[in-house]
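Subject: Structure handover

Hi,

Here is the structure we talked about. Please open it next to this note and follow along.

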Amino acid sequence: MNIWVYIDHFKGTPLPVSWEALGLAKRLGNAAAVMLGNHLDEAVQAAFDFGADSVLLADDPALADYRAEAFASTLSAAAAAQTPDLLLFPTTSRGREVAAMTAADLNAGLLVDVTALEVAAPGVVATRPVYGGKVLVREVCASKPALVTLRGRAFPKPEQQTGRSGPVTKIEVKAETQTSVAGYTTSEGVSLSDANVIVSGGRGLTVFPGLDEKSAAAKGFALLGELAAVLNGAVGASRAVVDAGFIPYAHQVGQTGKLVSPDLYIACGISGAIQHLAGMRTAKVIVAINTDPHAPIFQVAQYGVVGDLYQIVPALTAALKKKLGK
Amino acid sequence: MKIVVCVKTTLPSEAQVRVEGGQLVFDNTPQIINPWDEYAVEAALQQKEALGGTVTALSLGNEQANVALKHALAMGADDAIRIGDPALAAIDTLAAARLLAAAIRKLGGVDLVCFGRQAIDGDSGVTPAQTARLLGWPALTLASAVKIEAGQIRVERSIEEGRQIVTAALPAVLSVVKDFAEPRYPTFMGKRKADRAEIPVWSLADLGLPAPAALVTWGEFSEPPRRTAQCEMIAGASPAEIAEKLADKILAEKIL
């Protein structure tokens, strides 16, 4: 089976979820990494190190910035000519969009954000969460090729073996100019979808004696940020504190925010509304810190602390800092 | 400016969804406009207010689709159209995009199409890009800020690394995220207008399309694995003692 894996990267730095897709492709058949961009030498070597059997490369100044139309046209022209059986993409902002457009170009079926995948008659069969993760559905794609985007952290990341190599084949660049990129503003910190650890805050962060809600939230999120920093993690939030304007939307976890699966999710002052639980319950280990012993979050948590997060969180930061030798 | 906003009717996010015998079971929660689509309607109305023109709400489905369309009308959309046909029972995203693109072409002279980033039922988030592709228009997805001037559109897109600023010439397709602006509430007059509205239905024949063949089909549903672990409550005489015990438990999980 010939499988193409779209390697998503930002300015030549691949997103780790791309390697998870490569690992899955290796288990299913022959894995070609498809790499579109400019100055990709290091990324190409990384693709081999993570197991690519070959690389299909369009390295061109016209692709220096991600632009959906140019990337999708380049990919779909190559796929139409070389007819792979299956195209895998990481479910990132870019991966999802290139997959969507390429499926439209090739009149092919697309399975989005899947968490399990098998190849069997009559085609590619995948499982994916729908209704914000409240239920799973089995989807069947009978078209050839089939296009699939994989949820981050749902498939294991392969071991990196340095110094591997393989054939690199150039593909033709279709430099469409429907859009142009005027610049970027980058944000600090770890992205939620890639994070191993998420320290998340909710309405409990807005209650501190002597402070108004806004100041209490600022103080609380600063404490969460310190804990996240010790664990190389990201800071998340419930919808309540995002809607109140205490933290930007990019941090929201839940059905109308990010759906995440970290190894460790520390929920601080989050009661555990159904929309929030849907977005994080696939985390490996969940820790809940809340003043209300009856909060629903304790029903999904492995470890719980009934207590004041303003006291517990800094103490936990100090304890982990010491034990991790930081 | 001729603006189209594509909306969908969904279950609200607080609805309970269960599986019995491989089939979905919903509680009796009334359906609503997909929450993301309220931001799309807001984006469409703001452009109309800035530049003049009309906003047409467009949806796809059976009579339930009118819930989303009437909400868009109540917020201030000028008119609404439903694409409905008995042959459209189970369609995939590409078939949906093809129908929306055909309706947008039939409307004619459209400058801007607004979508929410995704629907909270199927969670695919690919219909805006696919609709743009089928129209041959640029897709400006995940927009958190939009500015239109002299036929040029400039958006800030939310990406993993921050924001990407992209420009294109109209016509274009937009999908908006929550950062965009709080959607306005329907007005009393708007609700009255929406209640009285007769929403025209366009069939496959009206769009000149054959019955779509789904490339992707939905099979069985299942419940996500239940978390079996009982919650172990960590207690202690002081925050430091609790933190000490909790840190040991976390480290023993060998996930860091």
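Buried area is the accessible area, taken with a 1.4 Å probe, that two parts lose on being put together, summed over both. Keep that in mind for the interface below. One caution before the findings: this is a predicted model.

**Confidence**

The predictor gives the complex an ipTM of 0.94 and a pTM of 0.91. For chain B, the mean pLDDT is 94. In that chain, 99% of the residues reach 70 or more.

**The interface**

How much area do chain B and chain A bury between them? The figure is about 7200 Å². Carbon and sulfur atoms account for 57% of it. In terms of residues, 84 from chain B are in contact with 88 from chain A.

Chain B and chain A share 9 salt bridges. One to look at is A:Arg94 with B:Glu160, where the closest N and O atoms are 3.9 Å apart.

Which element gives the most to the side of chain B that touches chain A? That is helix 7 of chain B, residues 239-252, with 11 residues. Taken together, the residues on this side of chain B divide into 44 nonpolar, 23 charged and 17 polar.

Strands also pair between the chains. Strand 10 of chain A (residues 135-141) runs antiparallel to strand 14 of chain B (residues 216-222), and the pairing covers 5 bridges. Within strand 14 of chain B, B:Trp218 stands opposite A:Glu139.

**Salt bridges within chain A**

Over all chains, the structure holds 29 salt bridges. A:Asp8 sits in the loop between strand 1 (2-6) and strand 2 (9-10) of chain A, and A:Arg94 sits in helix 4 (residues 93-106), so the pair ties together parts that are 86 residues apart in sequence.

**Backbone points to check**

Each chain has a cis peptide bond to look at. In chain A, the bond from A:Lys144 to A:Pro145 is cis, with omega near 0°. A:Pro145 is in the loop between strand 10 and strand 11 (146-150) of chain A. In chain B, the cis bond joins B:Leu170 and B:Pro171, with omega about 0°. B:Pro171 lies in the loop between strand 11 (162-169) and strand 12 (172-176) of chain B.

B:Leu142 is in strand 9 of chain B, residues 139-149.

**One loop residue**

Last, A:Phe246. Where is A:Phe246 placed in chain A? In the loop between helix 6 (239-243) and strand 16 (264-268). Setting aside neighbours within four places in sequence, its contacts include A:Thr206, A:Lys214 and A:Phe221. A:Met101 is 145 residues from A:Phe246 along the chain, and their C-alpha atoms are separated by 36 Å.

Best wishes

Note on methods
Residues numbered from 1 in each chain as written. Chains lettered and ligands numbered in written order. Predicted model: local features only at pLDDT ≥ 70, side-chain atom pairs only at ≥ 80, totals over all residues. Heavy atoms only, no water. Contact = heavy atoms within 4.5 Å. Salt bridge = Lys/Arg side-chain N within 4 Å of Asp/Glu carboxyl O. Helix = DSSP H or I, 4+ residues; strand = E, 2+ residues; numbered from the N terminus. Nonpolar A, V, L, I, M, F, W, Y, C, P; charged D, E, K, R; others polar. Pairing = 2+ DSSP bridges. pLDDT = per-residue confidence, 0-100.
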